[in-house]
Amino acid sequence: MQFSLYLSAQKFLTRCAFWGPRGLGWLLSLLLWCSSGAPTRAQQPVPAPEAELVPGPAVIPLTATYSLGVRVRGAVITSHSEFPELEGFRKAGLTKTTATRLVAGRGSVAELTLTQRYAPYTEGTYQIPAFDLTVNGQVLHSPGSRVRVAAAPATAPLTDATVGAGQAIGSLDQLLGKPKPKYFYEPPDHASLALEASQNKVFVGEGVRVALYLYLQPADQAVLNFYNFTEQLPELVRQLRQPTAWEVPAPEAAIVPDTVRREGAVYLRFRLAETTYYPLTAQELRFPPLALTMTKFKLLKKPQPGEDDKLAIYKTYTAPAVRVAVRPLPARRGAPAGSVPVGHYTLHEGVSGVRFRTGEAFVYTFGVEGAGNTSALVLPTPRSTDQLEVYGPDIKEEKLPDGTPRKSFRYRLVPHQPGVLALDSLFQLVFFDPTTARYDTLRPELRPEVRGVARPIAAANPAEDPFYGPALGRADSQLQPLDVYQDVRRYAGWLLGALLVVTAVGWWRSS
């Protein structure tokens, strides 16, 4: 067949040579038509490289691994950022896989997948936070999800019913020898949960600080970890609530623990919760026993290279119950018991000037500082008299640099009679001091001297006021009916009805 093609081509060239230049022109035209005019297979466009995140499964067994991945099509991964650290998991390796995918049955695109595997520590439900992953300069965002780590599935033993004919059942110990067992041991720890009260006996209204602490030694941090703490803490705080006490929560605890010495050893103290309670009645404060579950790691007795040398278990620490006795306040002459604030207070007062004249206003500040429930402090407001006008108070609460609370009462005073102004007869605060178990009174020590002429307080006459006088003169004295608003509503209803009728007529004519 090849020989016949060769003869045909030779004959064609001979005829072209016979026809001369015209034959050569036909030959060139034929070659150009074959190279350009003949139908060829259309080239398919190569799809642009694209990247996407591959989320992990929603449920995995304890013996499996959780995975997060990124898939890139039509390109190679030249650079990528680190996968995030997940709470309750440890990174177990990074793998790369490559596959080829057909495009419309006529082309192929390389598909590369980068997978980060995570090994779970214990069972439970974990929150996968939102994260960003940069691949080849492209930022991929994951909104986050939840994964549940379930118990490892039980393996059914092999029996004659599960083994087909011709298959033998033998002991692996006989075949491969007895395996080396992995012995884990639980290292000792010195952690403890404690519920501590600043006092075991208080008066009604006296504050007692109750705090929940977790103590552990520095070496215990290697084998202990908090477990599901964000869900356990609200339940612990709920159990500490007292229905017969005023509660003032402490500021949010710091992440860094305190270093304290306990029983002659150095401990790290984590403050989990703290609240100050002010009893409102003589009923005893009862705090129930509390329990905190933590994750503890057993260690491998004979660690081998490439093996996980930790085994996570659960350990619960308990704090015993605490009771605080509450004593009623002693009776006070002229007033019922329990009607005064309780605490250790001091008075810091001040005025806004050094010279005082009749008819001129000045500011007097009655400031109370000390240990106690300053939020419940109430200072009786004196009444204005013919000799003195009193306005206020303006109340302000703040914390001093040393943490002592302060509550200030600011009054605006306008004297109208000269002489020494006896502030101690106007302002006073009776309180019960639990340290001395006695009642005491805070009285002002300042006695400002007012100079000038006596100016009696004249009754205010609106007709003499430069603004209200003319306004009252122009006001209409005719009484208005009480049902004026009903009339306005009725007229508005009629107006809306008329507008609807006009609208309906216009629509009917236009149609």
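Reader: What is Leu 212 in contact with, leaving aside its neighbours within four places in sequence?
Author: Leu 193, Ala 194, Leu 195, Leu 236, Phe 270, Arg 271, Leu 272, Ala 273 and Leu 290; contact means heavy atoms within 4.5 Å. This is a predicted model, in which local features need pLDDT of at least 70, side-chain atom pairs count only at pLDDT 80 or more, and totals for chains, interfaces and linings use all residues. Residues are numbered from 1 along each chain as its sequence is written, and side-chain values use heavy atoms, without hydrogens and water.

Reader: Which residues have the most contacts inside the largest nonpolar core?
Author: Leu 193, Leu 195, Leu 212, Leu 214, Tyr 277, Leu 285 and Phe 287, in a core of 35 residues. A core is a set of buried Ala, Val, Leu, Ile, Met, Phe, Trp, Tyr and Cys residues joined through side-chain atoms within 4.5 Å. At least two core residues come from each of several strands, including β11 (192-197), β13 (208-216) and β19 (290-300).

Reader: Why is Leu 280 called exposed?
Author: Exposed means over 50% relative accessible area, buried under 20%, and partly exposed in between (1.4 Å probe, protein chains only). Leu 280 has 53% relative accessibility, so it counts as exposed. Leu 280 is in the loop between β17 (265-279) and β18 (285-287).

Reader: How do you know that helix α6 lies largely in the open?
Author: Of its 27 residues, one is buried, so α6 lies largely in the open.

How values were computed
Helix = DSSP H or I, 4+ residues; strand = E, 2+ residues; numbered from the N terminus.
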